[in-house]
Amino acid sequence: MKEKQGEFKSEELRMGAKTLLGRELELARVREELEQKIKELEAAKEREMVLRIREIAKAADIKRKVEELEKKTKELKEARKALLNILEDVDEARRKAEEERNKTLAIIANLTDGLLVFDSDNRVSLINSRAEEILGIKFEEIEGESISDLSRFSSLKPIIQLVEEREKIFREEVKLHENLILEITTSPITREKERIGSLLVLHDITREKRIERMKTEFVSVAAHQLRTPLSAIKWSLGMILAEDMGPLTQEQKAFLQKTYNSNERMINLVNDLLDVARIEEGRYIYKPAFCDLAKICQMVINSHKAIIKRKKIKFEFKKPKGKLPQIKLDEEKISLAIQNLLENAIRYTPPGGKIVVSLKRKKGEIEFSVKDTGIGIPKEQQDRLFTKFFRGTNAVRMETEGTGLGLFIAKNIIESHRGRIWAESEENKGSVFHFSLPLGLTSSSRK
Amino acid sequence: MAKKILIVEDEEILLDLLQKRLKKEGYDVLLARNGEEGLKMIKEERPDLVLLDIIMPKMSGFQVMEEMNKEESLKEIPVIIISNSGQPVEIGRAQQLGAKDWLIKTEFDPKEVLEKVVKQIGK
């Protein structure tokens with residue numbers, strides 16, 4: 001029995017061991033399976049994490065792009081706003097400019113002077129109605145035409161030559177025809193120092209000229225009328241003074257002499273007025289011939305020797321060495337000019353003073369001068385010296401008579417000979433009056 | 001001795017994944033969650049490689065590289081940057097600053113990470 005129990009137990013043990021082993025193997029297998037599953041799970045988890053990481057990154061990228069877009073949109077909006085503002089400003093400026101333009105056009109249209117505007121190519125760009133009236137031409141006929149084309153209009157010919165590349169403002173009197181005298185002013189139109197055109201202003205001075213002419217004619221006629229009675233007075237006084245009407249007492253003689261002198265002065269004034277009238281009417285006729293200026297000077301000096309001596313004035317005539325070339329001039333008129341200058345010197349130099357007359361040969365011209373130690377001319381009046389009727393305040397104080405025409409006439413004479421006349425003076429010290437005559441056509445160069 | 005890799009990244013998920021993977025491959029892994037911390041650890045630990053995120057709080061990846069370039073010893077440490085979307089401007093700047101390679105988050109692939117790490121410092 002014990003043996004059977006023993007056999008049974010070892011069989012049980014054997015069975016138990018087999019089962020245990022089997023179970024162990026199963027456990028190992030299960031463990032392997034589990035580990036395998038864990039690996040798979042972890043791999044899956046990793047894959048999920050990878051996907052999440054990519055997703056997050058993509059979302060961040062999209063966010064960044066959206067932000068950029070929003071920024072750009074904002075910038076665009078602001079740019080648009082700025083543009084709209086600019087457009088508004090431009091619009092405003094344009095309206096203002098139009099307003100200004102309309103204003104200007106209205107002014108131009110209603111000006112009482114004629115207006116012609118040329119552009120930078122010297123083509124007609126504008127003409128107002130007054131100008132159309134004056135010239136007898138309509139804008140449509142000449143719009144855009146260049147100056148050379150305009151010469152087909154005879155009324156425009158004198159104007160054309162005024163429209164050139166002038167840097168400065170220029171004014172000239174132009175006679176278009178008998179009843180139309182214009183004062184034409186040209187000025188350049190510039191923008192920022194560049195010339196973009198020319199402006200012509202046509203100012204009608206026909207009436208002014210007519211009045212001037214009437215004035216001169218009146219003076220002429222009056223002077224002429226005065227001459228006759230003045231001559232009669234001179235003649236009769238002369239006779240009485242020569243005692244042709246009977247003897248005179250010293251007193252009477254002196255008295256009458258004063259009257260005679262007064263009359264002489266009146267005659268001189270009348271002659272001067274007539275000269276001036278003739279000069280202004282262009283009727284001051286010159287008869288040029290070849291003369292020796294030195295000889296003319298000497299003759300004038302000689303005729304004044306007596307009075308120079310009487311006034312106790314020292315005198316000197318500085319002649320050039322050798323002969324001066326002869327110049328073509330009107331002897332009578334040049335004599336008169338020299339006489340006027342010399343007489344002024346004598347009149348306004350106090351006794352004891354000095355007068356020097358000199359003739360100099362200069363390059364291309366001969367210069368005459370009269371230097372005195374007289375009362376001179378105040379500085380502020382010197383620019384009016386050669387104007388009609390001008391007399392210095394100090395001259396009037398010294399001698400109330402004097403026409404103020406002598407220098408005006410002398411200037412006209414000298415300038416008609418294409419010469420120049422000028423003066424230097426200091427009040428209470430003295431003056432020097434010069435004139436120069438160009439040699440121009442001398443007898444030697446006539447060949 | 002195992003090679004030391006420092007990961008500087010503020011996104012937890014990515015940090016987690018990279019750490020797990022690299023540790024599995026046998027590398028020593030150090031972590032920093034922003035640029036300032038990262039720079040400090042670079043100076044103290046002298047890693048063999050740095051995986052460097054660009055967009056981070058406190059100090060950006062670019063700033064970290066600029067600081068590294070100031071010292072000779074730091075300059076030598078290879079850097080692989082982690083860019084969000086791989087914009088050419090970003091990559092270009094990183095290369096200019098001396099980065100050896102780059103990873104792009106929108107196309108993240110753990111296999112690629114390993115390849116590029118091995119390329120720089122071996123296994």
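A residue is buried if 20 or more other C-beta atoms lie within 10 Å of its own, exposed if 12 or fewer, and partly exposed in between. The views below are taken from a predicted model.

**View 1. B:L114 in helix α6 of chain B.** B:L114 lies in helix α6 (residues 110–121) of chain B. Because 16 other C-beta atoms lie within 10 Å of B:L114, this residue is partly exposed. B:L18 is 96 residues away from B:L114 in sequence, yet the two C-alpha atoms are 9.5 Å apart in space.

View 2. Chain B holds six helices and five strands, arranged along the sequence as β-α-β-α-β-α-α-β-α-β-α. Of the 123 residues in chain B, 34% are buried. Among contacts in chain B between residues at least 6 apart in sequence, those joining residues at least 24 apart make up 57%. At the interface, 11 residues of chain B are in contact with 11 residues of chain A. Helix α1 (residues 12–24) of chain B contributes the most to the chain B side, giving three residues. That side of chain B comprises five nonpolar, three polar and three charged residues.

**View 3. Strand β1 of chain A and its two partners.** In a regular strand the side chains alternate between the two faces of the sheet. Strand β1 (residues 114–119) of chain A has A:G114, A:L116 and A:F118 on its covered face, and A:L115, A:V117 and A:D119 on its uncovered one. β1(A) runs antiparallel to strand β5 (residues 194–204) of chain A and is joined to it by six bridges; A:F118 has A:S198 as its bridge partner in β5(A). β1(A) is also antiparallel to strand β2 (residues 124–127) of chain A, with three bridges between them, and A:V117 stands opposite A:L126 in β2(A). Four residues separate the strands in the hairpin of β1(A) and β2(A), where A:N122 takes a positive phi near 60°.

**View 4. Strands β10, β11 and β12 of chain A.** Strand β12 (residues 430–438) of chain A is joined by eight bridges to strand β10 (residues 365–372) of chain A, and the two run antiparallel. A:V370 has A:F433 as its bridge partner in β12(A). Seven bridges link β12(A) to strand β11 (residues 420–426) of chain A, also in antiparallel fashion, and A:R420 stands opposite A:S436 in β12(A). The hairpin of β11(A) and β12(A) has three residues between the strands, and A:N428 in this hairpin takes a positive phi near 70°.

View 5. Helix α6 (residues 206–241) of chain A has 36 residues and spans 51 Å from its first C-alpha to its last, close to the expected 52 Å. At A:R227, α6(A) bends by about 25°, and a proline, A:P229, follows within four residues. Helix α9 (residues 331–348) of chain A has 18 residues and reaches 26 Å between its first and last C-alpha, close to the 26 Å expected. The buried residues of α9(A) include A:I334, A:A337, A:I338, A:L341, A:L342, A:A345 and A:Y348. An α-helix has 3.6 residues a turn, so residues three or four places apart point the same way.

**View 6. Confidence in chain A.** The average pLDDT of chain A is 86, and 95% of the residues score at least 70. Over residues 443–447 of chain A, pLDDT stays under 50, and the model has four contacts beyond four places in sequence for this stretch. Where pLDDT is low, the predicted coordinates should not be read in detail.

Notes. Residues numbered from 1 in each chain as written. Chains lettered and ligands numbered in written order. Predicted model: local features only at pLDDT ≥ 70, side-chain atom pairs only at ≥ 80, totals over all residues. Contact = placed C-beta atoms within 7 Å. Nonpolar A, V, L, I, M, F, W, Y, C, P; charged D, E, K, R; others polar. Pairing = 2+ DSSP bridges. Expected span 1.5 Å × (residues − 1). Bend = angle between axes of the 7 residues up to and from the residue. pLDDT = per-residue confidence, 0-100.
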